[in-house]
Amino acid sequence: MFRAGFVRRWHTNPDMCHTIDPDAYHAGRVARLIIALHPSPSAILLAACLTHDDGEIAVGDMCGEAKRKDPDLADRLELVESSKRKEIWGIDHVACLTENDKAWLKFADRLDGYMWAKFHSPHIMGGDGWPEARERLLSQSTALGCDITGAI
């Protein structure tokens with residue numbers, strides 16, 4: 001459990017690999033975003049925020065682009081990661097979420113990634129999919145009933 005938090009994010013991204021962002025730091029920020037934006041987060045949602053990437057200790061933090069291009073790979077990775085989360089915690093908190101809470105977790109996870117990139121490499125925000133990511137986040141925030149306009 002302790003070691004799972006040391007998996008390093010962004011290592012496959014040439015513009016971001018210089019940043020040091022272990023999963024444990026990311027998970028804490030995701031939980032903080034949920035606390036700040038969600039009207040009444042459940043305990044299971046907060047637990048999922050804190051543990052959602054712990055399964056990456058088995059496979060590493062795979063590039064999101066690779067998972068988007070190969071959905072079968074993404075599915076196989078999720079099976080391995082889910083199994084590892086259950087091995088670590090005795091439960092896979094992510095698998096226990098409602099569909100609404102899954103949407104919140106995905107939103108906060110992506111919002112944290114966007115905010116990290118904007119803070120550490122603002123020069124990349126005009127291209128490479130970042131403007132589209134911003135628009136998706138704004139749309140998702142509207143659908144979830146929260147306002148992130150000032151944050152991104």
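Guide: Helices are DSSP runs of H or I with at least four residues, and strands are E runs of at least two. The model you see is predicted. By that rule, its protein chain has 6 helices and 0 strands.

Visitor: How do you know whether the radius of gyration agrees with that of a compact globule?

Guide: We set the value against the rule, which is 2.2 Å times the number of residues to the power 0.38. For 152 residues this puts a compact globule near 15 Å, and the protein chain has 15 Å, so the two agree. As for the box filled by the C-alpha atoms, its sides along the principal axes are roughly 40 × 35 × 30 Å.

Visitor: What makes α1 and α5 a contact, and which residues meet there?

Guide: Contact means heavy atoms within 4.5 Å. On the α1 side the residues are His 26, Arg 29, Val 30, Leu 33, Ile 34 and Leu 37. They meet Trp 104, Leu 105, Phe 107, Ala 108, Asp 109, Leu 111, Asp 112, Met 115 and Trp 116 of α5. By class, this contact has 11 nonpolar, 1 polar and 3 charged residues.

Visitor: At what angle do the axes of α1 and α5 cross, and with which hand?

Guide: The two axes come within 9 Å and cross at roughly 115 degrees. The crossing of α1 past α5 is right-handed.

Visitor: Which residues make the contact of α2 with α5?

Guide: The axes of α2 and α5 come within 10 Å, crossing at roughly 35 degrees, and this crossing is right-handed. Leu 45, Ala 48 and Cys 49 of α2 make the contact with Asp 101, Trp 104 and Leu 105 of α5. Those residues divide into 5 nonpolar, no polar and 1 charged.

Visitor: What makes a residue part of the lining of a pocket?

Guide: A lining residue has an atom within 4 Å of a point of the pocket. The largest pocket, with a volume of about 1600 Å³, has 37 such residues, and the closest to its centre are Gly 64, Lys 67, Arg 68, Asp 109 and Arg 110. Two or more lining residues come from each of α3 (64-69), α4 (71-89), α5 (99-120) and α6 (130-144). The largest share, 7 residues, is from α5.

Visitor: How does the lining of the largest pocket divide by class?

Guide: Asp, Glu, Lys and Arg count as charged, and the lining has 17 charged residues, with 12 nonpolar and 8 polar.

Definitions and conventions: Residues are numbered from 1 along each chain as its sequence is written. This is a predicted model: local features need pLDDT of at least 70, side-chain atom pairs count only at pLDDT 80 or more; totals for chains, interfaces and linings use all residues. Side-chain values use heavy atoms; hydrogens and water are left out. On a 1 Å grid over the protein atoms alone, a cavity is a set of points where a 1.4 Å probe fits but cannot get out, and a pocket is an open set with protein on both sides within 12 Å along at least five of seven lines; lining residues have an atom within 4 Å of a point. Grid points are joined across faces, edges and corners, and a volume is the space filled by probe spheres set on the points. Axes are lines fitted to C-alpha atoms, for helices over the stretch in contact, and angles run from 0 to 180 degrees between N-to-C directions. A crossing is left-handed if the near helix is turned anticlockwise from the far one by less than a right angle, and right-handed if clockwise.
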